[in-house]
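Please study the model shown here before reading on. The dialogue is meant to be followed with the coordinates at hand.

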Amino acid sequence: MIAHLIFRLTLWFLLTANWSVANIIIGIAIAVLLPRSYTAPERLKDLLPLLGKILLAIPQAYMEAFEIMLRPHNHEDIIIERFKTPRSPRLIFLDVFLITFTPKTIVVKYQEEGCYEVHRVRRRKNA
């Protein structure tokens with residue numbers, strides 16, 4: 001309960017950037033009144049590999065951004081990426097975040113069958 005309150009207050013102060021007494025009172029009221037979601041906790045075994053992939057995606061995102069600026073990417077396509085089912089909503093969010101974080105890819109559609117439609121841009125291969 002306390003962790004959720006601190007997390008919500010942190011978000012509130014980051015959004016408002018205001019440390020006045022009135023804003024603190026409003027933030028506490030909102031943090032207490034917002035309903036808490038009760039979802040099943042993720043298994044650490046499922047979460048750790050995904051967090052490792054997110055950390056590796058940060059340098060990849062920078063490299064892709066520079067590559068897009070220096071060399072044109074004039075070909076685009078839609079691919080299907082599969083994932084293990086069942087996934088919790090938080091793990092699905094992290095999957096979508098991981099795919100969309102890099103500049104060359106974005107998730108277009110989440111399908112319940114265990115896959116995402118991903119739009120990507122790439123350089124056309126010389127045929």
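Q: How is the confidence of the model to be read, and what is the mean pLDDT of the chain?

A: This is a predicted model, in which local features need pLDDT of at least 70 and side-chain atom pairs count only at pLDDT 80 or more, while totals for chains, interfaces and linings use all residues. Residues are numbered from 1 along each chain as its sequence is written, and side-chain values use heavy atoms, with hydrogens and water left out. The term pLDDT denotes the predictor's confidence in each residue, from 0 to 100. Here the chain has a mean pLDDT of 84, and 92% of its residues reach 70 or more. Helices (H or I, at least four residues) and strands (E, at least two) are DSSP runs, numbered from the N terminus.

Q: How many salt bridges does the structure hold?

A: Side chains of opposite charge can pair when their charged atoms come close. A salt bridge is counted when a side-chain nitrogen of Lys or Arg lies within 4 Å of a carboxyl oxygen of Asp or Glu. The structure holds four of them.

Q: Which parts does the bridge between Glu67 and Lys104 tie together?

A: The side chains of Glu67 and Lys104 meet at 3.1 Å, N to O. Glu67 belongs to helix α3 (residues 44-70) and Lys104 to the loop between α4 (89-101) and β2 (105-111), so the bridge ties together parts that are 37 residues apart in sequence. Glu67, Arg71 and Lys104 are linked in a network of salt bridges.

Q: Which strands are linked by the salt bridge of Arg120 and Asp77?

A: The side chains of Arg120 and Asp77 meet at 2.9 Å, N to O. This pair links distant parts of the chain, with Arg120 in strand β3 (residues 115-122) and Asp77 in strand β1 (residues 75-82), 43 residues apart. Asp77 also meets the side chain of Arg122 in a salt bridge of 3.4 Å, N to O. Asp77 is buried, with a relative accessibility of 18%, while Arg120 is partly exposed at 27% and Arg122 is partly exposed at 25%.

Q: Which residues make the nonpolar surface patch?

A: Patches are made of residues with over 30% relative accessible area and no salt bridge; like charges are joined within 9 Å, and nonpolar side chains (Val, Leu, Ile, Met, Phe, Trp, Tyr) within 5 Å. Accessible areas come from the Shrake-Rupley method with a 1.4 Å probe, and for residues only the protein chains shown count as cover. In this model Leu55, Ile58, Tyr62, Phe66, Met69, Leu70, Phe93, Phe97 and Phe101 make a nonpolar patch of about 1,000 Å². The elements giving two or more residues to this patch are α3 and α4, and the largest share, six residues, comes from α3. Phe93 is placed in helix α4 and is exposed, at 57% relative accessibility.

Q: How is a pocket found, and how much space lies in the largest pocket?

A: Rolling a probe the size of a water molecule over the atoms shows where empty space is left. On a 1 Å grid over the protein atoms alone, a pocket is an open set of points where a 1.4 Å probe fits, with protein on both sides within 12 Å along at least five of seven lines; lining residues have an atom within 4 Å of a point. Grid points are joined across faces, edges and corners, and a volume is the space filled by probe spheres set on the points. The largest pocket holds about 440 Å³ of space. It is lined by 19 residues, of which Leu50, Lys53, Glu81, Asp95 and Leu98 are the closest to its centre. The elements that give two or more residues to the lining are α3, β1 and α4, and α3 gives the most, with eight residues.

Q: Where is Ala17 placed, and what is its phi?

A: Ala17 is in the loop between α1 (2-16) and α2. Its phi is near 55 degrees, a positive value in a residue other than glycine. At 64% relative accessibility, Ala17 is exposed.

Q: How far apart in space are Lys84 and Pro72?

A: Lys84 and Pro72 are twelve residues apart in sequence and 34 Å apart in space, C-alpha to C-alpha. Lys84 is found in the loop between β1 and α4. For Pro103 and Gln60, the separation is 43 residues in sequence and 9.2 Å in space, C-alpha to C-alpha.

Conventions: Buried means under 20% relative accessible area, exposed over 50%, partly exposed in between (1.4 Å probe, protein chains only).
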